[in-house]
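Subject: Structure for your files

Hello,

Here is the structure I said I would pass on. My notes on it follow below.

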Amino acid sequence: MPYPTISRLLLDHPYHLKGSIGISDQDDGWMNLYVQYVNTLKVEYHDPTWCHSWTVGSPPYFPNLHTLRMTYNDDGLAASIHPGYPSRACRLLGGISPTSVVLDMPSLDGMSPIALPGSISRSVNDLTFIFGQRGCLTRHDKCRFDEDMLASLTLQRITMVFPPTIKSDEEEEDQEESRRGSISSYVISILMAFEPSPITIVNAGYDEKMGKGSSHLSMKILDRKGPEMFKRRLEAMCKAHGWCEERIRKRQDTLRFLTMDEWAERSEMWDSKVERERVMRWKEVMGRA
Ligand SMILES: [Zn+2]
């Protein structure tokens, strides 16, 4: 039985709008002429009424889609694209087969598992995580995944990005308040779940800065030390889960670390996945951190 949440109430406006690209044959039939030109699709969290997920019928089909950007909720159940209805499959996502998926998670939670429809988890080979605020995560919370989705994924490339926290001018003055806390346990649980896949980690030093022990260090130092610190955390967590030394070393050896500057310079790594303005803003903010 669905239940209302604060998120649902907030969605009434402006997200709860009738009609959108290719969703309703009646209202948006004219759009069907254009869906063949869509290469990148951005889907923000929304009410299931918006995507007609309470009804049956064929989902819209985007024949030339290669990148799907999903922006999750920033309050409540962060890993669900339908806040308040985490188990309701999204009709809009049900018929698309992108090769690249971006999971943009403004707020993290360890409760609702990340799930992608079968057509997406079978087609995607390039997955990008953008981690936001710690949200209601506790220090030891882990990322949860839908088991069926994990079993069907065959990923060739995974990227994890730690963007800087960007506050308003007034908020920026209070550094203590903006410190979100390390999310390393959550992130390492993803590294463990995708054990054989090579992973690129962007701005790892920033996560250390957000934690308690290293907040006094400059980003210049943390850009240099961050990868080793991250690997040590990985080792400790893997050991706690009974991994042997060799297995841990193999996992560590398939990690590649880039600073925000280095990643921003390689536009081929984020082009079509993240807006250029956003990447440049992250780079600028990190330059002042
Ligand atoms: Zn939906």
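Glu 265 and Lys 283 form a salt bridge, with their closest N and O atoms 2.8 Å apart. The pair links distant parts of the chain, since Glu 265 sits in helix H11 (residues 260–265) and Lys 283 in helix H13, 18 residues apart. Glu 265 counts as exposed because its relative accessible area is 56%, while Lys 283 is partly exposed at 24%. Please keep in mind that this is a predicted model.

The structure holds 14 salt bridges. Another one that involves helix H13 (residues 276–288) is between Asp 104 and Arg 278, where the closest N and O atoms are 2.7 Å apart. Asp 104 belongs to strand S3 (residues 100–107), so this pair ties together parts that are 174 residues apart in sequence. Asp 104 has 9% relative accessibility and therefore counts as buried; Arg 278, with a relative accessible area of 30%, is partly exposed.

A further salt bridge joins the side chains of Glu 246 and Lys 250, at 3.9 Å from N to O. Both residues lie in helix H10 (residues 245–253), 4 residues apart, which is about one turn of the helix. An α-helix has 3.6 residues a turn, so residues three or four places apart point the same way. Glu 246 is partly exposed, with a relative accessible area of 46%.

On the surface, Lys 220, Arg 224, Lys 225 and Arg 232 gather in a patch of positive charge. Arg 224 is part of helix H9 (residues 219–240) and counts as exposed at 60% relative accessibility.

Glu 208, in helix H8 (residues 204–210), has 3% relative accessibility and so counts as buried. Apart from neighbours within four places in sequence, Glu 208 is in contact with Ser 214, Ser 215, Leu 222, Gly 226, Met 229, Phe 230 and Arg 233.

Helix H7 (residues 184–193) is mostly covered, with 9 of its 10 residues buried. Among them are Tyr 186, Val 187, Ile 188, Ile 190, Leu 191 and Met 192, as well as Ser 184.

As for the chain as a whole, it has 13 helices and 7 strands. Of its 289 residues, 51% are buried. Among contacts with a separation of 6 or more, 80% are between residues 24 or more positions apart. The chain exposes about 14,500 Å², and carbon and sulfur atoms supply 51% of that area.

Regards

Conventions:
Residues are numbered from 1 along each chain as its sequence is written. This is a predicted model: local features need pLDDT of at least 70, side-chain atom pairs count only at pLDDT 80 or more; totals for chains, interfaces and linings use all residues. Side-chain values use heavy atoms; hydrogens and water are left out. Patches are made of residues with over 30% relative accessible area and no salt bridge: like charges are joined within 9 Å, nonpolar side chains (Val, Leu, Ile, Met, Phe, Trp, Tyr) within 5 Å. Accessible areas come from the Shrake-Rupley method with a 1.4 Å probe; for residues, only the protein chains shown count as cover. A salt bridge is a side-chain nitrogen of Lys or Arg within 4 Å of a carboxyl oxygen of Asp or Glu. Lys and Arg count as positive and Asp and Glu as negative; His and the chain ends are not counted. The place of a charge is taken as NZ of Lys, CZ of Arg, CG of Asp or CD of Glu. Helices (H or I, at least four residues) and strands (E, at least two) are DSSP runs, numbered from the N terminus. Buried means under 20% relative accessible area, exposed over 50%, partly exposed in between (1.4 Å probe, protein chains only). Contact means heavy atoms within 4.5 Å.
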